Amino acid sequence: MKKLFIIATLVLFTSGFVGLAFAEDTVKVGAVFSVTGRASFLGDPEKKTAVMLADEINKAGGVNGKKLELIVYDDEGDATKTNLAVKKLMTQDKVCVVIGPSLSGNSLAVVPLAEQFKTPLVSCAASYKIVTGDDGKQRQWVFKVPQSDSMAAEAIFDHMKKKGISKIAIITGTTGFGKSGQSELVRLAPQYGIEIVADESYGPQDTDMTAQLTKIKGLAPQAIVNWSIGPTQVTVLRNFRDLGMRGDIVFYQSHGFGSKKNIELAAGAAEGVYTPLGACATPDALPADHPQKKVAMEYNQAYTALYNEPVSTFGGHAWDALGLAVDALKAVGCDREKIREYLENKKGFVGQHGVFNFSADDHNGLTWQDAFNMIVVKNGDWAMAD
Amino acid sequence: MGVVSSPPSLFMLKLKMEKISLASQLLQYLITGLTVGSIYAMVAIGFNIIYNVTEIINLAQGEFVMLGGLIMVFLHVAAGLPIFLAFPLTIIVVTLVGMLLDRLAIRPIRQPSVLTLIIATIAASIIIKGIAMFIWGKDPFDLPAFSGRSPIDFFGAVIQPQYFWVIGFLIVTVVLLTLFFEKTIIGKAMSACADNPDAASLVGINVKQMILLSFSLSAAIGAVAGIILTPIALMDYNRGAMLAVKGFGAVVLGGLGSFPGAILGGLVLGTIESFGAGLIHSGYKDAFALIVLLAVLFIKPSGLLGSVEITKIKKF
C-alpha cells in the first residue's frame, strides 16, 4: 500500500513537471475583471467574453501555433484586490500583457504597476485619465478600449446640430457615470453652439422624475439628454411620455441605454429616442457595408449561443482588449516592449466598439465617429438614425 | 402695483414663453409629491406597527416593499395570474416572509435587547436582498399599470391613472388599520402590548403572538406598497434599502409610533422633495427633505405628531 502511494506521488510529480514543461509552450495573457461584487454587471460579461474568445482563438490554432493561456482574476470591484491581482500577473504569472480592470478607479490604481513592471495594460474602463497622465501626455504602458464619455457627448451634440437643435435640457443620474456625463455635456455644449437651459439630476433609487421633467417642460427646450445607467433612466423616459412631452421635445439617451431590455421596460416610451451606441450593441441595425458589421454579428451570435443571454456592451470591451492583445502577440511574440510599441502604432483594428487607430498621442485609438453610431428606437428595435 | 410694475411684467413675459403655466407646474409638483409621499407613508406605517409592539425599528421594511413588487411581477406577468388573484397571493407570500422574519430572526435571540434585535433585522434585510438577487437577477422588472397608462390632464398637470391607485390604497390601508386597532379585540390587544407588554401579558394577552402579528401586518402593508409602486418606478432587488430610509425619515418626521404622524410625515417628505426638485434644484432634492427633518427635530424632538411623554418611556 505504501509502495503504491509512493508510486502514485511520483507519477503525480512527474506528470506535474510534464505539465510545467508543456506550459512553457503557451502564450499567457492576464485579465482582471470585477466578476463579482458591486460592478459585476461589468466584469461578468467581460470574463465570459474573454473566456469565449480565448477558446475560439485556441480552436483556430492559437497564437502562431502556441496555446493562448488566459489567466483571469476577480478583483471584486476592490482597488486593493485589483492591485494584488495585477502585481501577481505581472511578476509571478509573467504574462505578456494584462487586460482589464473593469472600473476606472481600479484601473487608475494599477497604472503605476504597468509602468513599474513594464508590462502593457489594456484597460476596459472608460475614464480618459487612465491613459492620460497629469502632464497631458499618454502613459507609456497603458491603453484603454472603451470610448470616453466626451465622445458620446460629441456624437449627441453633432446630431443635434444637424437637426438644428440649439436649446436643450439635460437630466443626469447622480452616479459616477451620470456625473461624468453631466460635466462633459456642460463642457462641450458651447463648442457646438448649444445652450443648456436646465441641468437636472436624480438619484439611482428614485421612484419618480416627474418634478424635474415638469420644470424642464416649463422651459420648453428643443431636446432633452438623459444620462445614467440602471432602471431610473427608463423611469425618466416613462415620465416624459406620461407628461405628454413626446413630439415637442426630442429625447436623447446616453450610451448607457444600450440594452434591448430598456426598450422593453420603457413600454413604448422609447419609440423615437436617439442614443449613440457602439457597434456590438446593435449588430442587426448596422448597414451591410459597415466595417464592424461582421465582427459584431459574429460576436453576438457566438455569445448568445454559448451563454444564452444577450450581449452587453461591456463584454465588447473585453473582446476589444483581448483581440488587440492577441493581435500584438501574433505580430511580435511575447516581448513586452515590442507589444507596447506594436499597440501604440496599431492602425485599423476592427473591434466591437469601433475601428481603433492608436498613436503615441492617443492610447485609446478612437474618435467619436469611429466609436458611436447614432441609433434611433424604431418599432421597438434599434435602427440607424439618419 | 404701479410702483413695482417692472419686475412683475418681466415675470409675466417669462411666463408667456413657457409652455406650461406656473400654476400647472405647482399643481404637478404637488400631485407627484403626494404620490411618492403616499409610498413613503405606507413604509412608515409598516415601521410604526412593529415599533409600537416591540420597539424594534425593522430595517428590513424596505425589503417587504421590494418583495411585494417582484412577487407580483412573477405571479401576474410571468405566471399569468389575473390581477385579482395575484394581488392577494402576493400579499400572503410576503406576509409569510414577515412571519418567518419574526420566527427565524427575532424570536430565537436570547436575552434580546432592542439594539440586538434591530441589528438582526439588518442581517435579515441583507439576506432577503441576496435571495431576491438570486431568484430574479439584477434586472429591473415592470408591471402593467392597473388601469392603463393614458395620462389624465388636470388643469394643465398630468396625472397617471396609477397615481389614483397609490393614493387610494393609502386611504384604504389607513381606514382598515384604524378599524382594526379601534374596533377589534386583537387590534386592541396589540395596542395594549404597545402600551405595556408586561401588563398585557398579565391580563392574558399572548405577547409573542402579537409580535408575530405585527410583523405579518407590516409585511402585508409593505407588499401593497411594492405592488402599487412597481408600475410607476419599476422594481429590482436593490430598491428596498432606499425606500426604508425614506420611510424611516417619514416616521421620524411624523413622530415615532404615531400613525397619523407616519402619514403626515410621508406626504410632507414626498411633497418637499418634489417642490425642491422642481422649484430649486433637483441635485439637492434629498437635502431639502433632510433639512426639514432636522429643523423639525430641533424644534420638536418627538416629531410632528409624536408625544414627548411616550418618547421618554421608550427605550429607543
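Leaving aside neighbours within four places in sequence, Ala325(A) is in contact with Val29(A), Val97(A), Ile99(A) and Val122(A), where contact means that the C-beta atoms of two residues, placed from the backbone, lie within 7 Å. This is a predicted model, in which local features need pLDDT of at least 70 and side-chain atom pairs count only at pLDDT 80 or more, while totals for chains, interfaces and linings use all residues. Residues are numbered from 1 along each chain as its sequence is written, and chains are lettered from A in the order in which they are written.

Ala325(A) is also, with Ile99(A) and Leu322(A), among the residues with the most contacts inside the largest nonpolar core, which has 199 residues. Such a core is a set of buried Ala, Val, Leu, Ile, Met, Phe, Trp, Tyr and Cys residues joined through C-beta atoms within 7 Å, and a residue is buried if 20 or more other C-beta atoms lie within 10 Å of its own. H9(B) gives the largest share of this core, 16 residues. Because domain 1 and domain 2 of chain A both give residues to the core, it lies between them.

The bounds of these domains, 22-147 + 301-367 for domain 1 and 149-277 for domain 2, come from an automatic or database domain assignment. Their centres, taken over C-alpha atoms, are separated by 31 Å.

The two sets of contacts are listed here.

Conventions: A residue is buried if 20 or more other C-beta atoms lie within 10 Å of its own, exposed if 12 or fewer, and partly exposed in between; C-beta atoms are placed from the backbone. Helices (H or I, at least four residues) and strands (E, at least two) are DSSP runs, numbered from the N terminus.
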